[in-house]
Amino acid sequence: MKIFQCSNCKNPIYFENTFCEKCGNSLGYLFDAEEMLSFPSKETTVAHPDTQNTLTYCANHSLDACNWLVSNTDEESFCEACETNHMIPDLSFPENKLDWQKIEAAKRRLFYSLHKLNLPYVFILNNEKLELSFDFLASDPNKPNAVKTGHANGRITLNINEADSVHREYIKEQLSERYRTLLGHFRHEVGHFYWDALIKPNPKVLQEFRRLFGNDTLDYGQALQKHYQNGPPSNWRERYISSYATMHPWEDWAETWSHYLHIMDMLETAYHFGLEIDPDLKKNTNLDVSCDFDPYEEVSMRKIIKHYLPLTYVVNSLSRSMGVADLYPFVISEPVIQKLAFIHKVVQL
Ligand SMILES: [Zn+2]
Ligand SMILES: [Zn+2]
Ligand SMILES: [Zn+2]
């Protein structure tokens with residue numbers, strides 16, 4: 001992600017900030033311009049920097065769940081990210097509200113990436129509308145597993161207990177996962193949506209998909225059962241980004257897609273920080289790279305990966321310096337690079 005700056009005092013700010021720590025101004029994000037606007041905290045509106053239209057906060061700002069700006073001054077109007085919500089949990093329970101706020105924050109990062117990739121959220125396929133939307137649901141305490149995180153026909157469902165870090169860490173250990181985050185969930189599930197929109201309806205693309213990911217007509221229920229009974233094949237690291245990706249070609253796609261978004265976001269961040277990797281090593285290694293290009297503008301996935309791998313070595317080393325788990329605990333094999341290159345090509349079509 002790019003770095004933002006308070007336009008009033010030039011203080012660097014995060015995408016999530018609602019006010020500037022230095023000058024006290026209010027901050028609001030303008031989705032179409034990918035800019036953070038700064039305005040006096042006593043004002044409720046700010047002018048669009050290009051059109052001069054009046055902007056105000058998204059309706060979810062009053063619930064501490066959004067810092068985006070909308071051009072409609074109607075109090076009920078939602079930003080591009082919030083208006084995709086179909087269901088949100090009952091906010092009269094304070095714990096639901098806290099979970100939901102974390103979920104919305106992660107979702108806005110997803111939308112930032114989708115905007116960078118110029119990916120639409122609505123498709124018309126065979127005269128039918130396929131539209132991205134979200135259900136954030138709380139489980140009935142008597143049936144804690146009734147709400148399943150997943151995707152169907154454009155709707156992404158997320159059990160809000162995934163926002164609870166204790167619960168999430170517990171599931172992560174149970175499933176022997178190396179990574180489990182809210183943003184990761186969004187990036188994975190939205191992969192299923194874009195498979196339906198970009199791969200399934202396009203015979204030529206589908207053919208290439210099958211060559212790389214396998215036969216998607218495999219029975220999903222049987223594949224799921226087999227995966228949880230037998231586990232992944234022992235050599236899965238040679239061809240897959242995660243063990244879950246071995247379950248079915250759809251899951252391989254969604255897992256690889258989520259990594260595609262991780263890679264693009266990480267490298268974009270490194271680019272905006274002007275990161276240069278010049279390790280103090282005796283021999284020349286392929287770790288010497290300068291992250292001096294915007295990956296969203298780069299055609300070659302090979303070049304992106306060539307710069308990304310040294311970056312993972314740096315961030316994992318920094319994680320270890322802090323005694324925490326590796327930030328990117330994955331190995332990207334050659335078959336995975338080919339899958340990533342296919343995704344990179346498909347999103348540019
Ligand atoms: Zn400021
Ligand atoms: Zn919003
Ligand atoms: Zn999935």
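So, strands S6 (residues 54-57) and S7 pair in the antiparallel sense, over 2 bridges. Thr 56 is the residue standing opposite Val 70 of S7. When I say strand, I mean a DSSP run of E, at least two residues, and a helix is a run of H or I, at least four residues, both numbered from the N terminus. And two strands pair if DSSP finds at least two bridges between them.

Before I go on, the housekeeping: this is a predicted model, so local features need pLDDT of at least 70, side-chain atom pairs count only at pLDDT 80 or more, and totals for chains, interfaces and linings use all residues. Residues are numbered from 1 along each chain as its sequence is written, with chains lettered from A and ligands numbered from 1 in the order in which they are written.

Okay, back to that pair. S6 and S7 belong to an open sheet of 3 strands, in the order S5-S6-S7, with antiparallel pairing. Strand S5 (45-47) and strand S7 (69-70) are its edge strands, each pairing on one side only.

There's another open sheet, this one with 4 strands in the order S8-S11-S13-S12 and mixed pairing. Its edges are strand S8 (85-87) and strand S12 (150-152), each with a single partner strand, so each has one side without a neighbour in the sheet. From one strand to the next the twist averages 25°; that's with axes as lines fitted to C-alpha atoms (for helices, over the stretch in contact) and angles from 0 to 180 degrees between N-to-C directions. S8 pairs with strand S11 (residues 133-137) in the parallel sense, over 2 bridges, and Asn 85 has Phe 134 in S11 as its bridge partner.

Now, what does Phe 136 touch, beyond residues up to four places away in sequence? The list is Met 87, Ile 88, Pro 89, Trp 100, Ile 103, Leu 158 and Ile 160. Contact here means C-beta atoms, placed from the backbone, within 7 Å.

Phe 136 also shows up in the largest nonpolar core, which has 70 residues; Leu 69, Phe 136 and Leu 267 have the most contacts inside it. A nonpolar core is a set of buried Ala, Val, Leu, Ile, Met, Phe, Trp, Tyr and Cys residues joined through C-beta atoms within 7 Å. Helix H6 (residues 249-272) gives the largest share of this core, 12 residues.

Buried, by the way, means 20 or more other C-beta atoms within 10 Å of a residue's own; 12 or fewer is exposed, in between is partly exposed, and C-beta atoms are placed from the backbone. Asp 99, in helix H1 (residues 94-116), counts as buried because it has 23 C-beta neighbours inside 10 Å. Leaving aside neighbours within four places in sequence, Asp 99 contacts Ile 160, Ala 163 and Asp 164. Its C-alpha is 5.1 Å from that of Ala 163, 64 residues apart along the chain.

Just after H2, Ser 176 takes a positive phi of about 50°.

Zooming out, the chain has 8 helices and 15 strands. Its radius of gyration, over C-alpha atoms, is 21 Å, close to the 20 Å from the globule rule (2.2 Å times the number of residues to the power 0.38), so the chain is as compact as a globular protein of 349 residues. Across those 349 residues, 32% count as buried.

Technical notes: Two residues are in contact if their C-beta atoms, placed from the backbone, lie within 7 Å.
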